Amino acid sequence: MIKLGDKKARRDTGLFRIDGIKLAKEALEKGVKIEKIFLSESADIELPALPGSCRLIRTTDEVFEKISEEKSPEGIICVAKHLDNLVKIVTINNGDTVFSDGKRLFLAESVRDPGNLGTLIRSANALGCERMIISADCADLYNPKTLRAAMGAIFSIEIVAVESMSEAISALRANGRRIFAAALDRDARRLGSFELLPTDVFVVGNEGHGLANTTVGECTESVYIPMKAGAESLNAAAAAAVILWEQARNFI
């Protein structure tokens, strides 16, 4: 179980760990397939009914502290199977429902920081997105830091990983979507200065380097977030929250 802190072990086993009370309860309520629950002997935690296939294992506090990845362990760790709402797509087909079914979308390219990716997922879910499309080089969705930042949103929103973001954008545009790159370039339009549609899609990029030029080139237009002169640029998660709110305020 300790090995599940490693990305390769999570991939090879098809399992991941959930640390902490709140996230564990949300996982159980959302029907996540949990195989084992480890409880420390001193933990006084009231859990919802467990599925019959789930093993409940009590450990000493000393053992629990050794297997916990939290600074202040809450006495519960779940081992769960990979989530059904997280899908991997390698070959992009314009007719695939991922690109043609009209769901509210948000796109993220090369967001490497797990905390940023988790926060972005949480914001997207809260502000009405039904699906996120992320590039395959984004942070691991099952990284404990991603899970903690995303909280229960990771169990609710559909997330699709693609090998080529520019090809995904091309497929979305072929299905009538407008795609806006969050990029400060010469022709970028000010966010809030034009009418948005519920079918519009935004894409944010890497924390340090932004979006790839090929990705920006596939988008319909670029947009920028107006800020006071001299201010530092927002990180990917903060920028995404502003953009998501601007779109969502008329549609949720």
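**Reading the labels**

Tutor: Helix α9 (residues 236-248) lies across β6, β9 and β11, and runs at about 170 degrees to β11. Keep in mind that this is a predicted model.

Student: What makes up the sheet, and in what order do the strands come?

Tutor: Eight strands form an open sheet, in the order β5-β8-β7-β6-β11-β9-β12-β10, with parallel pairing.

Student: Why are β5 and β10 called edge strands?

Tutor: Each of them, β5 (86-89) and β10, pairs on one side only.

Student: How do you know that β10 pairs with β12?

Tutor: Pairing needs at least two bridges between the strands. Two bridges join β10 to β12 (residues 221-224), and the two strands run parallel. Arginine 190 stands opposite tyrosine 224 in β12.

Student: Which strands does helix α5 touch?

Tutor: Helix α5 (residues 114-126) packs on the sheet and touches β6 (105-108), β7 (131-135), β8 and β11. Its direction makes about 155 degrees with that of β7.

Student: Now the aromatic rings. How many pairs are there by the rule?

Tutor: Centres must lie within 6.5 Å for rings to pair. The count comes to three aromatic pairs.

Student: Why is the pair of phenylalanine 180 and phenylalanine 194 called tilted?

Tutor: Their centres are 5.3 Å apart and their planes are at 40 degrees. Stacked needs under 30 degrees and edge-to-face needs over 60.

Student: What makes the pair of phenylalanine 180 and phenylalanine 202 stacked?

Tutor: The angle decides it. The planes are at 25 degrees, with the centres 5.3 Å apart. The cut-off for stacked is under 30 degrees, so this pair is stacked. It links distant parts of the chain: phenylalanine 180 in strand β9 and phenylalanine 202 in strand β11, 22 residues apart. Phenylalanine 202 is buried, as is phenylalanine 180.

Student: Which residues form the aromatic cluster?

Tutor: Phe180, Phe194 and Phe202 form one cluster.

Student: How do you know where arginine 189 lies relative to phenylalanine 194?

Tutor: Arginine 189 is at 4.0 Å from the ring centre and lies over the face of phenylalanine 194. The distance limit for a charge over a ring is 6 Å.

Student: Is phenylalanine 155 buried or exposed, and how do you know?

Tutor: The relative accessible area of phenylalanine 155 is 10%. Buried means under 20%, so phenylalanine 155 is buried. This residue sits in the loop between α6 (144-150) and β8 (158-162).

Student: What does phenylalanine 155 contact beyond its neighbours within four places in sequence?

Tutor: Its contacts there are Ile18, Leu23, Glu26, Ala27, Lys30, Val32, Leu83 and Asn85. Leucine 83 is 72 residues away along the chain, yet the C-alpha atoms of phenylalanine 155 and leucine 83 are separated by 7.4 Å.

Student: Which residues of helix α2 are buried, and what covers them?

Tutor: In α2 (residues 21-29), Leu23, Ala24, Glu26, Ala27 and Leu28 are buried. Their cover includes β1 (15-19), β2 (34-40), β4 (76-81) and α6. Just after α2, glycine 31 takes a positive phi of about 80 degrees.

Student: Why does threonine 146 count as buried?

Tutor: Its relative accessibility is 0%, and the cut-off is under 20%. Threonine 146 therefore counts as buried. It is found in helix α6. Its contacts, leaving aside neighbours within four places, include Pro114, Leu117 and Ile121.

Student: What about alanine 248: buried or exposed?

Tutor: Alanine 248 has a relative accessible area of 0%, so it is buried. Its place is in helix α9. Not counting residues up to four places away, alanine 248 touches Arg104 and Leu127.

Student: How do you know that the chain agrees with a compact globule?

Tutor: For 252 residues, a compact globule would have a radius of gyration near 18 Å. The protein chain has 20 Å, which agrees. Of its residues, 50% count as buried.

Terms used. Residues are numbered from 1 along each chain as its sequence is written. This is a predicted model: local features need pLDDT of at least 70, side-chain atom pairs count only at pLDDT 80 or more; totals for chains, interfaces and linings use all residues. Side-chain values use heavy atoms; hydrogens and water are left out. Rings of Phe, Tyr and Trp (its six-membered ring) pair if their centres lie within 6.5 Å; planes under 30 degrees apart count as stacked, over 60 as edge-to-face and the rest as tilted. Helices (H or I, at least four residues) and strands (E, at least two) are DSSP runs, numbered from the N terminus. Buried means under 20% relative accessible area, exposed over 50%, partly exposed in between (1.4 Å probe, protein chains only). A charge sits over a ring if NZ of Lys or CZ of Arg is within 6 Å of the ring centre and within 35 degrees of the ring normal. Contact means heavy atoms within 4.5 Å. Axes are lines fitted to C-alpha atoms, for helices over the stretch in contact, and angles run from 0 to 180 degrees between N-to-C directions. The radius of gyration is taken over C-alpha atoms; the globule rule is 2.2 Å times the number of residues to the power 0.38.
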